[in-house]
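Hi,

Here is the structure I promised to pass on to you. Please open it next to this email and follow along.

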Amino acid sequence: MLIGEVARRSGVSARMLRHYESLGLVRPSGRTGSGYREYSGEDIRRIFHIESLRSLGLSLREIGRALDDPGFTPSALVDDLIRQTRDRIAAETDLLTRLSRIHAAEPAGWEDVLQVVALLQALGSKNADVRQRAALSSVDTVPVPVEALVEATLSETEPNVAGALRWALARSGDGGPALLAEGLGSPVAAVRERAVRSLAELPGGEATAQLRDALANPDVVVRGYAALALGTRGVAAAIPTLVDMIVEGRNDTDAADALSVLASDTATADRIATMLCNRLAHDTTEAPARGRLTQALAGIPGTRASRALVELSHDEDRAVSLTAAYLLRLRDAR
């Protein structure tokens, strides 16, 4: 078969076939009487093998080695190709992310583009001061896309920088709560904590809704931060979690303060007092927890809490009874 027919059937141009021949990849088995290259069926099969290996990303040199070395084992080469491909995909994905974020900033001109690029680079700096300045300046210059701020916030380990990023996020507009909520499902505990702490500082109904959902999170730390934030926002759904925190001794003082904020009306105050009393009466509640529950009643107004303190002033646990009696005196002095 002559080179033109081979090119037509294989889809490989005559020029490329000649290039393969110059590299020694393909050697036509014969020549016609006129001197034209003539390819055998075995030659054509080799051409298809070359094209198949090219589709895997192998160089022509690697293809020649694979086809001509009887002892060649492809596993190492394939492993290397996999690594190279993953690296290339990661690099392209990173580029696509940066381009998408620049596009989201809606730059008016190249000066704006350059400012966004500079801020994105600064947010990824190894220097904490540079990251902090970038976070603080992101509000006053061309806005950094919220996706970039969330990513930086969830990965930030320096407290001062993290605070600056949360401040910037709170002023970044829409989109932040939903993106931070995705961080609540991270397999890394530190990322989940950063996500819920950032949500707690975001204003608005969307952030509150995400915090309510976080009350059901399997991570006890996430539930605790969500409950404390919701307590300050007057969301009664946080009450059971706040009571659990007092029993378990996790940020119990803050939890008691949040309960006192929630107890702003008689019905809610009585509900909180009843829940605290129920846990006090539970057989499995240990002495330290009973002491914390008694102290939590101090911030709950209303007759239900007062009656509970009177009963507790006669409790068998002397620490509980003394605490209750002291709290009663304080209530009487008001």
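Predicted model: local features only at pLDDT ≥ 70, side-chain atom pairs only at ≥ 80, totals over all residues.

Residues are numbered from 1 along each chain as its sequence is written, and side-chain values use heavy atoms, with hydrogens and water left out.

The largest nonpolar core holds 71 residues. Such a core is a set of buried Ala, Val, Leu, Ile, Met, Phe, Trp, Tyr and Cys residues joined through side-chain atoms within 4.5 Å; buried is under 20% relative accessible area, exposed over 50%, and partly exposed in between (1.4 Å probe, protein chains only). Among the residues with the most contacts inside this core are Leu242, Ile272 and Leu297. Setting aside neighbours within four places in sequence, Leu297 is in contact (heavy atoms within 4.5 Å) with residues including Ala273, Leu276, Ala308 and Arg331. A second, separate core has 18 residues, including Val12 and Ile63.

Buried in H17 are Ala289, Arg290, Gly291, Leu293, Thr294 and Ala296. Their cover includes H14 (239-248), H15 (252-262), H16 (266-281), H18 (303-312) and H19 (318-333).

H17 packs against H19 at about 5°, with axes 9 Å apart; axes are lines fitted to C-alpha atoms over the stretch in contact, and angles run from 0 to 180 degrees between N-to-C directions. H17 is therefore roughly parallel to H19 (under 35 degrees; over 145 is roughly antiparallel, 65 to 115 roughly perpendicular and the rest oblique). Arg290, Gly291, Thr294 and Gln295 of H17 meet Val320, Thr323, Ala324 and Leu327 of H19.

The axes of H12 (residues 205-214) and H13 (residues 220-232) come within 8 Å and cross at roughly 135°, which means that H12 is oblique to H13. Thr208, Leu211, Arg212 and Ala214 of H12 meet Val222, Arg223, Ala226, Ala229 and Leu230 of H13.

Lastly, have a look at Asn251, in the loop between H14 and H15. Its phi is near 50°, a positive value in a residue other than glycine. Asn251 counts as partly exposed because its relative accessibility is 41%.

Best wishes

Definitions and conventions
Helix = DSSP H or I, 4+ residues; strand = E, 2+ residues; numbered from the N terminus.
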